[in-house]
Amino acid sequence: MFTITAVLGVAGGVGVIASRQPVHSALALLLVLLTLAVDYLLLDAQFIAVLQVIIYAGAIVVLFVFIIMLLRTAGEAPRPRAAPSLGFAAVLGTVMASALVAAVTMARGPVAPVDAAFGTVQQVGRALFHAYALPFEAASIVLVVGMIGAVALGKRAHVVADATRDGAEPGPASPRVVEAVGESRR
Amino acid sequence: MTVPAPFYLALSAVLFTLGTVGVVARRSALIVFMSVELMLNAVNLTLVTFARLRGGVDGQVVVFFVLVVAAAEVVIGLAIIVNIFRTRETVDVDDVDLLRG
């Protein structure tokens, strides 16, 4: 089972960085995320596996696909000449992969025995609400700030500018503001 | 745990390296962003593996917080990319070089 997920995961990872179209990258990313969810199940982390499917595969990839559809960008233009960053990336990747794999395969040690309740919602939730109660509240603040930031960034700049400039003379003088505001509320 | 931990860690290392290579080599901001997600997930796999090795649930709690931060980061990052596309009609990171000295 692990072999299947590892092969699929690495193939998906290559797909993310090698696809010409961003949509194909997003689908490859979805494949990686789902195989990682299976890996979490193999590692007795049921709650994290469910979160992975709901948040990452469900919400984040959908958001990516939405933005890709919204932007309708063409694929990357061909590079003008042999780009130095490709060779650099190849060398960096080789060195980094060998170093990291060599480092992590040294991590040996006894595997602690766990009971059937390990990694369930109950156990993780208890840890979240007792030992990690304060970071949990901070995480909610991070989410609120993220939401506010997205709304602020998503607002069209000229709407704000026009509204402040034309604020003194309301009426038919500024139909563009009304139109733009309606557009942004869609 | 039927498969020894170093296999999971090696898979995580390979995924992290793929993400790094994607960040360095690709120019579409969207794909660079997805590569960052790949790296975040590789680290999550490491955390879950070590949580299982130690038999403690703390590593999984950290993964939970990484998920929260990743969700906020994706929302903000995609909003920034949309704004860049609106003003410059491109998401190529090589074209957005206003700060280059």
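## A buried aspartate to start with

A:D44 counts as buried, with 21 C-beta neighbours inside 10 Å. (A residue is buried if 20 or more other C-beta atoms lie within 10 Å of its own, exposed if 12 or fewer, and partly exposed in between, with C-beta atoms placed from the backbone.) This residue sits in the loop between helix 2 and helix 3 of chain A. A:D44 is not a glycine, yet its phi is positive, about 60°.

Before going on, a word on the model and its conventions. This is a predicted model, in which local features need pLDDT of at least 70 and side-chain atom pairs count only at pLDDT 80 or more, while totals for chains, interfaces and linings use all residues. Residues are numbered from 1 along each chain as its sequence is written, and chains are lettered from A and ligands numbered from 1 in the order in which they are written.

## Chain A and its confidence

Chain A has eight helices and zero strands. (Helices, H or I of at least four residues, and strands, E of at least two, are DSSP runs numbered from the N terminus.) Of the 186 residues of chain A, 21% count as buried. Among the contacts in chain A with a separation of 6 or more, 46% join residues 24 or more positions apart; two residues are in contact if their C-beta atoms, placed from the backbone, lie within 7 Å.

How far can you trust it? The mean pLDDT of chain A is 80, and 77% of its residues reach 70 or more; pLDDT is the predictor's confidence in each residue, from 0 to 100. Over residues 169–183 of chain A, pLDDT stays under 50, and the model has 13 contacts beyond four places in sequence for them. Where pLDDT is low, the predicted coordinates should not be read in detail.

Helix 2 of chain A has 21 residues and spans 30 Å from its first C-alpha to its last, close to the 30 Å expected at 1.5 Å a residue. (The expected span is 1.5 Å times one less than the number of residues.) Helix 2 of chain A is followed by A:D44, the residue we began with.

Over in chain B, helix 1 also has 21 residues and reaches 30 Å from first C-alpha to last, close to the expected 30 Å. In helix 1 of chain B, 16 of the 21 residues are buried, so this helix is largely enclosed by the rest of the structure.

## Where the chains meet

In the interface, 62 residues of chain B are in contact with 68 residues of chain A. The elements of chain B that give two or more residues to its side are helix 1 (5–25), helix 2 (29–54) and helix 3 (58–88). Helix 3 of chain B gives the most, with 21 residues. The chain B side divides into 45 nonpolar, 10 polar and seven charged residues. (Ala, Val, Leu, Ile, Met, Phe, Trp, Tyr, Cys and Pro count as nonpolar, Asp, Glu, Lys and Arg as charged, and the others, Gly among them, as polar.)

## Helix 3 of chain B and its partners

Helix 6 (residues 133–154) of chain A and helix 3 of chain B pack at about 10°, with their axes 9 Å apart. (Axes are lines fitted to C-alpha atoms, for helices over the stretch in contact, and angles run from 0 to 180 degrees between N-to-C directions.) The two are therefore roughly parallel; that label covers angles under 35 degrees, with over 145 roughly antiparallel, 65 to 115 roughly perpendicular and the rest oblique. Residues making this contact include A:A139, A:L143 and A:G146 of helix 6 of chain A and B:V68, B:A72 and B:I76 of helix 3 of chain B. By class, the contact has 15 nonpolar, four polar and no charged residues.

The axes of helix 3 (residues 46–71) of chain A and helix 3 of chain B come within 11 Å and cross at roughly 5°, so these helices are also roughly parallel. Among the residues that meet are A:L51, A:I55 and A:L63 of chain A and B:F64, B:L67 and B:V74 of chain B.

## Helix 5 of chain A

Helix 5 of chain A packs on helix 3 of chain B at about 75°, with the axes 10 Å apart, and the pair is therefore roughly perpendicular. The contact is made by A:V124, A:A127 and A:L128 of helix 5 of chain A and B:D58, B:Q60, B:V61 and B:F64 of helix 3 of chain B.

A:Q123 is found in helix 5 (residues 121–129) of chain A. A:Q123 is partly exposed, with 17 other C-beta atoms within 10 Å. Leaving aside neighbours within four places in sequence, A:Q123 is in contact with A:A117, A:F118 and B:V57.
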